[in-house]
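Please look over the sequence and the structure shown below, and then read the notes that follow, which are grouped by topic.

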Amino acid sequence: MSTYDVAIIGSGPGGYVAAIRCAQLGMKTAIIEKYNVLGGTCLNVGCIPSKALLDSSHHYEEAIKHFEDHGIEIPGDIKVNFKKMVERKASVVEQTTKGIEFLMNKNKIDVFTGMGAFKDATHIEITEGEKKQTIEAKNTIIATGSKPATLPFIKLDKERIITSTEALSLKEIPKHLVVIGGGVIGLELGQVYRRLGADVSVVEYMDRIIPTMDAAQSKELMKAMKKQGVKFYLSHKVSAVSKKGKEVTITATDKKDKEVTFKGDYCLVSVGRKPYTDGLKVENAGVKITERGMIDVNDHLQTNIKNIYAIGDVVRGAMLAHKASEEGTLVAEIIAGQKPHIDYNLIPGVVYTWPEVASVGKTEEQLKDANVEYKAGQFPMRALGRSRASGDIDGFVKILSDKTTDEVLGVHMVGARVADLIAEAVVAMEFRASAEDIARMSHAHPTYAEAVKEAALAATDDRALHI
Ligand code: FAD
Ligand code: NAD
């Protein structure tokens, strides 16, 4: 039986990054993945394929709606070859997952394909079909991720009533896609199909979309997506979903308790994700699971069993790839005897719609709830030369800073390329910059980043220059 310093169960962005860091630190490392491709949700049915389809559909929308504004005329009809678009997405995924295989080899990490299950706190049985083998691990990192959640009364048939996984590999463009849940998945994938010609209706339980982000972002994104033709039904509680032939019927009650029905050919259920521990047999190792099905961990991501850790979507906190990866690094370093730290307040959140949405730190609502006195500076993208040149005028940058010390407490953006711009805010907050610090830094002209400087100027004594 092979013995490892560390065994990692699950090869998503949590698990594979943990494996690389463990190997870098000189530990004999094994990674166990139940599928025969590495990369987990993120690379196979999450971040990467969704961004590939967002990019492809964005190009199409630019071509049919905006090329003419730029004086570009294309003779004849511009058509979508959806099969090719989905094939391209698959090839992007393949290149990316192959990259992880390469990294495992390069770092001399042993890869086991099969379902990992605890036999006890130091032994893991790996089952692939009829084949079973057991390895010994001094330490184990559980990185088994999450699966789509649903509502108790919904029967997902995975053909017409689908989750994000099926929505990333449809054979046809829906005529009317009804999306349950106006969160990240519903908006990203809803936008893909709207651009490709589907009618898209988003039915959301709360009174705003992306409800955990700053309210100004919810409003701005909804305004932009409405212009693109997406229909929103807020404060609607879905009570039934049924299918007859090719038609799905979604029943909901609005805030006046009136029953509303939506009929479409596809229904995307995107009401969140749930931690995944099926078949892991944690009970054999004595590992505790919370009432909500997560692996219970302390601040060091250690379970109640001291040589077993857990990271990523299977533990508390944001279900984000980069959060999982930071946790993978942290645990590897803890096992190696180091004292790393993660500031969860500085993990950015991004929605890759167009305009993009990006945030870090506290929202205005959170600061108000905590009775923190703050200043807000906001600058509209439309006032930038760069935005007018590209035609991407929706959005804003908002900076919230402490009223007394001017320390930046939160940065919230909507607009072109803000998924990349948010990194400036993360750096600033990591170094505990004031709004004045950002305001005094030179930002290249013309760039979208100038909106960050202008918002910082606005937060600092209302002295934005270009508005
Ligand atoms: P996962 O990536 O879920 O990986 C867990 C792995 O463990 C899987 O491969 C699974 O097969 C394996 N596994 C489970 N149990 C066992 C077992 N017993 N034995 C062996 N293997 C096992 N996040 C972002 O930050 N940015 C994005 O743009 C983004 N887009 C997304 C789009 C979609 C459509 C979805 C669904 C998610 C998206 N996410 C995004 C979220 C992101 O995918 C997750 O937060 C991330 O994948 C979590 O990483 P993880 O390593 O914890 O788990
Ligand atoms: P989410 O939590 O982002 O959104 C779920 C939405 O569904 C919320 O707005 C919620 O109010 C709504 N909802 C819940 N119950 C409902 C009901 N009964 N009727 C109508 N609406 C209801 O979840 P998601 O969009 O499914 O995404 C799952 C996870 O994947 C998220 O945690 C997210 O972080 C991650 N993800 C991240 C990205 C990204 O980083 N760009 C992209 C996709 C997914």
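Helix H3 crosses helix H4 in a right-handed manner, in a model that is predicted.

**Helices H3 and H4**

- Helix H3 covers residues 47-66 and helix H4 covers residues 82-106, and the two pack at an angle of about 140°, with their axes 9 Å apart.
- Because angles over 145 degrees are needed to count as roughly antiparallel, this pair is described as oblique instead.
- On the H3 side, the contact is made by Ile-48, Pro-49, Ala-52, Leu-53, Ser-56 and Ser-57, while H4 contributes Met-85, Arg-88, Lys-89, Val-92, Val-93 and Thr-96.

**Helices H1 and H8**

- The axes of helix H1, which spans residues 15-24, and helix H8, which spans residues 321-335, come within 7 Å of each other and cross at roughly 30°.
- Since angles under 35 degrees count as roughly parallel, H1 and H8 are described as roughly parallel to each other.
- H1 passes H8 in a right-handed crossing, and the contact involves Val-17, Ala-18, Arg-21 and Cys-22 from H1 together with Ser-325, Gly-328, Thr-329, Ala-332 and Glu-333 from H8.
- The residues of the contact of H1 with H8 comprise four nonpolar, three polar and two charged.

**Surroundings of ligand 1**

- Ligand 1 is surrounded by 39 residues, and the closest of these are Glu-33, Thr-41, Lys-51, Gly-116 and Ala-321.
- Gly-116 also has a backbone N or O atom that lies 2.8 Å from a nitrogen atom of ligand 1.
- An oxygen atom of ligand 1 lies 3.4 Å from a backbone N or O atom of Pro-13, and an oxygen atom of the ligand is 3.2 Å from a polar backbone atom of Met-319.

**Surroundings of ligand 2**

- Ligand 2 is surrounded by 21 residues, of which the closest are Ile-185, Glu-188, Glu-204, Gly-272 and Val-350.
- Glu-204 places a polar side-chain atom 2.6 Å from an oxygen atom of ligand 2.
- The backbone takes part as well, with an N or O atom of Val-184 lying 3.3 Å from an oxygen atom of ligand 2, and with a polar backbone atom of Tyr-205 lying 3.2 Å from a nitrogen atom of ligand 2.

Notes
Residues are numbered from 1 along each chain as its sequence is written. Chains are lettered from A and ligands numbered from 1 in the order in which they are written. This is a predicted model: local features need pLDDT of at least 70, side-chain atom pairs count only at pLDDT 80 or more; totals for chains, interfaces and linings use all residues. Side-chain values use heavy atoms; hydrogens and water are left out. Axes are lines fitted to C-alpha atoms, for helices over the stretch in contact, and angles run from 0 to 180 degrees between N-to-C directions. Helices (H or I, at least four residues) and strands (E, at least two) are DSSP runs, numbered from the N terminus. Angles under 35 degrees count as roughly parallel, over 145 as roughly antiparallel, 65 to 115 as roughly perpendicular and the rest as oblique. A crossing is left-handed if the near helix is turned anticlockwise from the far one by less than a right angle, and right-handed if clockwise. Contact means heavy atoms within 4.5 Å. A residue is near a molecule or strand if one of its heavy atoms lies within 4 Å of it. A polar contact is a pair of N or O atoms within 3.5 Å; within protein, one must be able to donate a hydrogen and the other to accept it, and residues adjacent in sequence count only if both atoms are side-chain atoms. Ala, Val, Leu, Ile, Met, Phe, Trp, Tyr, Cys and Pro count as nonpolar, Asp, Glu, Lys and Arg as charged, and the others, Gly among them, as polar.
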